[in-house]
Amino acid sequence: MFDEALKEIEPKFFSGLRRIMQINSVKGEAQPNAPFGLGPKKALEETLNLAKELGFTTKIINGAMGYAQLGDDNENYIGVVGHIDVVPEGTDWDYPPFDLTLDNDVFYGRGVLDNKGPIIANLYALYLLREMNYPFTKTIRIIFGTDEESGSADIPLYLKEEVPPMYGYTPDCKYPAVYGERGVLGLSIKTKLSDNSQNVLTDFSANFDRSAVPDTLHYSISNKAFDIKGKRAPSNAPDMGENVITYFANEAKDNPEVTGEFKDYLTWLAKSLHLQHDGAGLNINFFDEESGYLSLTPCSLFFDNQEATLNLSMRYPVSTKKEDIINILNTQLPKNSTMEVTRDMPSTNFDKEHPMVKTMTEVYEYATGLDGTPVTTTGATYARSMPNIMAFGPSFPGQKGIAHNKNEYMDKKDLLKNLEIYTYLLSELGK
């Protein structure tokens, strides 16, 4: 039905997306009217400039979020909520991180998958339908956020001025429709090392980021230097990466100069966490049929003033209680340790019987020929913060560990398939 129009719109879509991709929208210091820094705000302004050029009504809310809207009902609207902030680019890219580069039918650039590509695809899907004078009866609002990667503090700022969508989706996870998101815990474990044995560690640095498995680490024992190279992956898919924190512990514990409480600590860290992404090393490998196993990874480690601080990122099954995890963990810590919860996002469930979910299933199966049975995820999306929202796309089954990596990419055919899926979905939801 839309095949010819989708083909015609491709160059315009790629050009518009590149404008937004070329802006470094990593979170920065808060500025007046730019609560998450100048980069995200600049990207938001340019996105709304693009939307205005495409003929949409636009608005910025509290410098934090903005929208492009088709329709006049500001109280009852369908929301598509994505984000244009991105994680830091990291190192070792083979392509410019802040651009849209096409190489052998693959697009590269920070945000092409997470989440500039998918949310801009929704903007152009709505534009295509409007240009075809598609008969909408409902208002549709494409909402652009600027703090999803750092905690979604933009959502409360939006909700101070705007009512939430009646229902809608965020194109920031995977296909098919995602009705449930597993619980998220961030934990900080502090361990006293009181016998000065840690002093043999004369240098220690790594590329720590809460959102990713760290992949480079440098350390020195008695001024002898060592480097560890791992594999970066999103923190919610630790099995796709190689975590340098646990490789460091596994390696350094056997250094003959490592003794005492420092050796005991590294031995505990290696035994509890090295290559044990389901929490089995800490006796917390919870499981349920809808979610699968708990997922766990260390995301940072610091040594300071005779104390080690280990930060963990965890996703747990929708049927598991946070309190059960914490109670068990308190029995598994090394001696002289305390634990603090630094991030707490309960699991979410969207009604699988909602008409939108049925429509998503039908559209996905029509466009791909794949099974559209709704699923759960380890990811954390705007669905946790924005009422009445669930996740839908953009990654297809089997595609993991791409978003926060170097050379973030999206196959051209997959990006265009997203454009097609969202066009058909919005045509159905807006009837």
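These legends walk through several close-up views of a predicted model.

Residues are numbered from 1 along each chain as its sequence is written, and side-chain values use heavy atoms, with hydrogens and water left out. In this predicted model, local features need pLDDT of at least 70 and side-chain atom pairs count only at pLDDT 80 or more, while totals for chains, interfaces and linings use all residues.

**View 1. The protein chain is divided into two parts, domain 1 and domain 2.** Domain 1 covers 1–181 + 348–430, and domain 2 covers 183–345; these bounds come from an automatic or database domain assignment. Their C-alpha centres lie 33 Å apart. Where the two meet, 20 residues of domain 1 are in contact with 19 residues of domain 2 (contact means heavy atoms within 4.5 Å).

**View 2. Here is an open sheet of 3 strands, in the order β11-β13-β14.** Helices (H or I, at least four residues) and strands (E, at least two) are DSSP runs, numbered from the N terminus. Pairing in this sheet is antiparallel, where two strands count as paired if DSSP finds at least two bridges between them. β11 (201–206) and β14 (224–229) stand at the edges with a single partner strand each, so one side of each is left without a neighbour in the sheet. On average, neighbouring strands are turned by 10 degrees against each other, direction ignored. Axes are lines fitted to C-alpha atoms, for helices over the stretch in contact, and angles run from 0 to 180 degrees between N-to-C directions.

**View 3. Take a look at the pairing of β11 with β13, and at the helix that packs on the sheet.** The antiparallel strands β11 and β13 (residues 216–221) are joined by 5 bridges. Ser205 stands opposite His218 in β13. Helix α5 (residues 244–252) packs on the sheet and touches β11, β13 and β14. The direction of α5 makes about 25 degrees with that of β13.

**View 4. Which residues of helix α7 are buried?** In α7 (residues 322–329) they are Ile325, Ile326 and Leu329. They cover an arc of only 95 degrees around the axis, so they sit on the same side of α7; the arc is that of the directions from the helix axis to the C-beta atoms. Buried means under 20% relative accessible area, exposed over 50%, and partly exposed in between (1.4 Å probe, protein chains only). Among the elements that cover these buried residues are β10 (183–192), β19 (307–316) and β20 (337–345).

**View 5. Lys27 and Asp147 form a salt bridge.** The term stands for a side-chain nitrogen of Lys or Arg within 4 Å of a carboxyl oxygen of Asp or Glu, and the whole structure holds 20 salt bridges. In this one, the closest N and O atoms are 3.5 Å apart. Lys27 lies in the loop between α1 (3–21) and α2 (38–53) and Asp147 in the loop between β6 (139–145) and α4 (154–159), so the pair ties together parts that are 120 residues apart in sequence. Lys27 is partly exposed at 41% relative accessible area, whereas Asp147 is buried at 1%.

View 6. Lys417 is partly exposed, with a relative accessible area of 22%, and Glu420 is buried, with 15%.
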